[in-house]
Amino acid sequence: AKEEGHAECVEAFRQHIAEVTASRREAAAGGAGGASSGEAASSSSLGSLPEEAATAALQGDEAALLAWLDSGGRVNATCGVGDTSGVAALMLAAHHGHVRVV
């Protein structure tokens with residue numbers, strides 16, 4: 001997103017990372033259960049971003065992504081793009097400048 005000049009997306013992504021980091025620190029400080037359950041959620045979501053959700057992120061289709069999330073879609077679900085694995089919907093939307101989706 002930065003390379004494409006989407007400053008708003010970059011800032012939204014930075015804010016998201018700061019919030020996630022703070023949340024993980026709080027969970028880790030709260031006891032052993034928080035960190036291990038977070039790791040399990042991450043590893044089980046690898047490769048689980050459906051093509052429809054990935055396409056919605058690429059196109060900036062906020063309504064479709066919200067519907068997918070409301071139906072149980074995981075915000076940390078990922079897919080592969082080319083030779084790159086572990087790509088989340090947030091990353092796809094940010095790269096294409098879809099600020100509202102980010």
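**Exercise 1. Describe how strand 1 and strand 2 are arranged.**

Solution. Strand 1 (residues 78-81) and strand 2 (residues 84-88) run antiparallel and are joined by three bridges. Strands are DSSP runs of E with at least two residues, helices are runs of H or I with at least four residues, and both are numbered from the N terminus. Two strands pair if DSSP finds at least two bridges between them. Next, consider the turn: two residues lie between the strands of this hairpin, and Gly82 in the turn has a positive phi of about 60 degrees. Across the pair, Val81 stands opposite Thr84 in strand 2.

The model is predicted: local features need pLDDT of at least 70 and side-chain atom pairs pLDDT 80 or more, while totals for chains, interfaces and linings use all residues. Residues are numbered from 1 along each chain as its sequence is written, and side-chain values use heavy atoms, without hydrogens and water.

**Exercise 2. State the order of the elements in the protein chain.**

Solution. First, the count: the protein chain has five helices and two strands. Second, the order from the N terminus is α-α-α-α-β-β-α.

**Exercise 3. Determine which element has the lowest mean pLDDT and which the highest.**

Solution. The quantity pLDDT is the predictor's confidence in each residue, from 0 to 100. For the protein chain the mean is 77, and 77% of the residues reach 70 or more. Where pLDDT is low, the predicted coordinates should not be read in detail.

**Exercise 4. Find the residues that form a salt bridge, and state which parts of the chain they tie together.**

Solution. A salt bridge is a side-chain nitrogen of Lys or Arg within 4 Å of a carboxyl oxygen of Asp or Glu. The whole structure contains one salt bridge. Its partners are Arg100 and Glu62, with the closest N and O atoms 3.0 Å apart. Arg100 lies in the segment after helix 5 (89-95) and Glu62 in helix 4, so the pair ties together parts that are 38 residues apart in sequence. As for exposure, buried means under 20% relative accessible area, exposed over 50%, and partly exposed in between (1.4 Å probe, protein chains only). Arg100 is exposed because its relative accessibility is 67%, whereas Glu62 is partly exposed at 26%.

**Exercise 5. Identify the residues of the nonpolar surface patch.**

Solution. The patch consists of Leu66, Leu69 and Val75, which together have about 260 Å² of accessible area. Such areas come from the Shrake-Rupley method with a 1.4 Å probe; for residues, only the protein chains shown count as cover. Patch residues have over 30% relative accessible area and no salt bridge; like charges are joined within 9 Å, nonpolar side chains (Val, Leu, Ile, Met, Phe, Trp, Tyr) within 5 Å. Leu66 belongs to helix 4 (residues 62-70) and is partly exposed, with a relative accessible area of 43%.
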